[in-house]
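Here's a quick briefing to read alongside the model. Take a look at the structure, then work through the notes by topic.

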Amino acid sequence: MGTTTAERPSGFDAFSALCPSRRLLDTIGDKWVSLAIVALGLRGPLRYSELASQIEGVSQKMLTQSLRKMERDGLLIRTVTPSVPVRTDYELTPLGQTLLPVIGHLKAWAEEHMPEVDAARTVYDSRG
């Protein structure tokens with residue numbers, strides 16, 4: 001049998017349509033957020049431009065939105081240093097660092113199994 005919400009230590013159940021943890025899963029499941037977590041986890045604090053260059057293909061708008069979501073959820077710290085020009089650094093919080101092993105393994109799995117996924121896609125697409 002499944003565990004009921006009352007039996008869960010957190011009291012949250014992401015399978016429930018009304019559970020607020022779904023919003024967090026939306027954030028964590030976003031590819032730009034996931035890649036930012038791995039980049040910051042592997043390389044430490046990064047300036048916006050350094051982070052953007054690490055994540056090829058992300059637009060300025062999407063990176064900015066992703067970083068704001070992460071900051072709101074307590075996953076990263078944004079530090080602004082008044083200088084000319086202004087310097088902004090981003091780094092994972094201790095909470096954000098707890099996601100690094102999970103998302104890092106997911107990234108590694110995707111890279112390792114991409115040939116199998118490509119083969120499956122080819123077979124699927126040839127049927128249609």
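Ile103 sits in helix H6, where helices (H or I, at least four residues) and strands (E, at least two) are DSSP runs numbered from the N terminus. Heads up: this is a predicted model, so to speak of local features takes pLDDT of at least 70, side-chain atom pairs count only at pLDDT 80 or more, and totals for chains, interfaces and linings use all residues. Residues are numbered from 1 along each chain as its sequence is written, and side-chain values use heavy atoms, with hydrogens and water left out.

- Ile103 is buried, with a relative accessible area of 6%; buried means under 20%, exposed over 50%, and partly exposed in between (1.4 Å probe, protein chains only).
- Ile103 and Ser34 are 69 residues apart along the chain, yet their C-alpha atoms are separated by 6.4 Å.
- Ile28 belongs to helix H1 (residues 21-29) and is also buried, at 19% relative accessible area.
- From Ile28 to Leu92, 64 residues apart along the chain, the C-alpha separation is 13 Å.

**The largest pocket**
- The largest pocket holds about 190 Å³ of space.
- On a 1 Å grid over the protein atoms alone, a pocket is an open set of points where a 1.4 Å probe fits, with protein on both sides within 12 Å along at least five of seven lines; a cavity is a set the probe cannot get out of, and lining residues have an atom within 4 Å of a point.
- For the volume, grid points are joined across faces, edges and corners, and the space filled by probe spheres set on the points is taken.
- The lining is made up of Gly29, Asp30, Lys31, Ser34, Leu35, Val38, Ile103, Leu106, Lys107 and Glu111.
- Helix H2 (31-43) and helix H6 (100-127) each put at least two residues into that lining.
- Sorted by class, the lining has four nonpolar, two polar and four charged residues (Ala, Val, Leu, Ile, Met, Phe, Trp, Tyr, Cys and Pro count as nonpolar, Asp, Glu, Lys and Arg as charged, and the others, Gly among them, as polar).

**Helix H6**
- The 28 residues of H6 should span 40 Å at 1.5 Å a residue, and its end C-alpha atoms are 38 Å apart, which agrees; the expected span is 1.5 Å times one less than the number of residues.
- H6 has a kink of about 60° at His113, shortly before the proline Pro115 (the bend is the angle between axes fitted to the seven residues ending at a residue and the seven starting there).

**Salt bridges**
- The count comes to two salt bridges, each being a side-chain nitrogen of Lys or Arg within 4 Å of a carboxyl oxygen of Asp or Glu.
- One of them joins Glu111 and Lys107 (2.7 Å, N to O), and because these two are four residues apart in helix H6, about one helical turn separates them.
- Glu111 counts as exposed at 51% relative accessibility, whereas Lys107 is partly exposed at 30%.
- Lys107 and Leu18, 89 residues apart along the chain, have C-alpha atoms separated by 29 Å.
- Arg87 and Asp89 also meet through their side chains in a salt bridge (2.8 Å, N to O).
- Arg87 is partly exposed at 32%, while Asp89 is buried at 14%.

**A cis peptide bond**
- Going from Val84 to Pro85, the peptide bond is cis, with omega near -5°.
- Pro85 lies in the loop between strand S2 (76-81) and strand S3 (87-92).
- For background, most peptide bonds are trans.
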